[in-house]
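Subject: Structure handover

Dear colleague,

Here is the structure for your files.

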Amino acid sequence: MKKILKTNWQRYLDSTAGKEAVRLFNHLTDDDCSAEDMWNVVKRYNPELAKNVSVNEEKKYVEGIAYYNEIIKDNVPTTEEEQKDFDSGDFFLWLTRGLVSLDEETDIFDAPQIGFKNILGSNLLLSIALSANLPYYFLPNLYEMQFAYFKKFAEKYELDIPEMPHRSDYRNRWFYYISMINALDVFAVENELLDFGELCAFLFDYELTNIKEEMAIEHEKPMPNIPEQAWILVGNYSEGEKKMKEGVWQSNQLTRKGDIMVFYEKSPVKKMNAVWTALEDGFIEPFGPYYSYSIIGKKIEIPDDKALTYKEFKESDYFKNREKEGNFVSKNFQDVSGWAVTFEDYAVIKSMLEAKGFDTSVLPSLYEPLRLTDKPITLEKDVEDYLIKPLLEEMGLKENVDYKQQVPFHAGRGSTKRPDFCLHKTGKDWEDGAKIVIEVKLEMKTIPEIEENYEQGVTYARFGEAETLVICDKNQIRVYHRNKKGKFAGYDRDYKQFYWSDKKKWYNELKSLLIK
């Protein structure tokens, strides 16, 4: 874990802004701190959330804080004896049990996920009330809608944070708050940030401001490459978002910096009227209602008279005849924010805009994928038959001579491992081992899926004593090399990555890795 720069931090503490931030956070713990005061702290230090909150919603947020504050205030320990036996983890479990309406007999970790889904949106409000009453144990969760900045903070200081829970794992998304403040507590102790007001000022004013400024400088730089992916974003701008230059929006966690974000504004507008750019990779936000988000910017507005209407999309011959899978138009733009926009989709959208007189030369270009096959890739076997085998044969490798599928490697006690492809046998028979093992999947959409397929591939490669492991799907190829010999060899985490859409660029390099 990296330490903070004490000189810069002390300079901030001595400044007017630093003193005011410490005062505001310490005021949370005062007996006369009202729910409105607490909400004002949220608004000041979490503008991403605040700009999405209407006047009516704001009243409900204040009421929610007041409700939690009353429950907690009535149940925190007051006597010295009670304080001696106080356990903050047990207290949080007790609060959670009440919020999800569990009886005493039910284990909280066996409770239905729906209960946690219903309370997830109140995590921030509860955390404010908890930190106001128990500042030595809890922190306000001002990272909702700002989780990208928390991740940057964790990277900057080499903070050990747990993996993100899966989308439908609402229980662990709720308890991620506890994991997060435990990690921040370790950071605070290491850096002697033991005063509640100072710690909060460091996290949510000093460091958050620094990170946002550093990111803003990076966002002004030109994007490095022509983007390979476009995505559809759907929603309505809140009052605070109508003039925003950049902000956080629900998207796909696979979004990469530079990707094109086509924006469709819902009722009552019902028009595709802007194109944004992803300024950062997509990220998971465990506390938010939509789970995955992107920071978007570089907005290109399409004038109202040239924006594409819902009716024009529905009457488009292309979108009428486009296959249903991934067709955001046939879904009437409902629940499709974060869906992929194909190269063909994007080309048609641009032609429709040109037909209305919009100059599409101002829009970012999308990398045109190399069409490797006219066959539909819908099964894992399609990846094998229409992508891998033609590639190997193009490289001069012959089936059953230079490569073989489903080779049985004996793993002991009757167990057999069968990798999808083995290249270059190392003994008399294929079962004796191979120099290269290839494991094929249809699509690896998430980091956990890639990790799972890597581990499976390593198991096969070890028993074949392969020098090289390849995992691939319909989008990409990853090549890993063994770092030592033997059936229990490890494989370097560093890998070479190749995208099928970019075949002309990487063909010779990959060939040199596969031809042994």
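A pocket here is an open set of points on a 1 Å grid over the protein atoms alone, where a 1.4 Å probe fits, with protein on both sides within 12 Å along at least five of seven lines; lining residues have an atom within 4 Å of a point. This is a predicted model: local features need pLDDT of at least 70, side-chain atom pairs count only at pLDDT 80 or more, and totals for chains, interfaces and linings use all residues. Residues are numbered from 1 along each chain as its sequence is written, and side-chain values use heavy atoms, leaving out hydrogens and water.

**Pocket**

The second largest pocket has 27 lining residues. K151, M164, G282, I284 and I447 lie nearest its centre. Helix α10 gives the largest share of the lining, five residues (helices are DSSP runs of H or I, at least four residues; strands are runs of E, at least two; both are numbered from the N terminus).

**Salt bridges**

The whole structure holds 21 salt bridges (a side-chain nitrogen of Lys or Arg within 4 Å of a carboxyl oxygen of Asp or Glu). K271 pairs with D304 at 3.0 Å, N to O. K271 sits in strand β4 and D304 in the loop between β6 and β7, so the bridge ties together parts 33 residues apart in sequence. K271 is buried at 15% relative accessible area, while D304 is exposed at 54% (buried is under 20%, exposed over 50%, partly exposed in between, with a 1.4 Å probe and protein chains only).

D385 and K381 meet at 2.5 Å, N to O. They are four residues apart in helix α16, about one helical turn.

Best wishes
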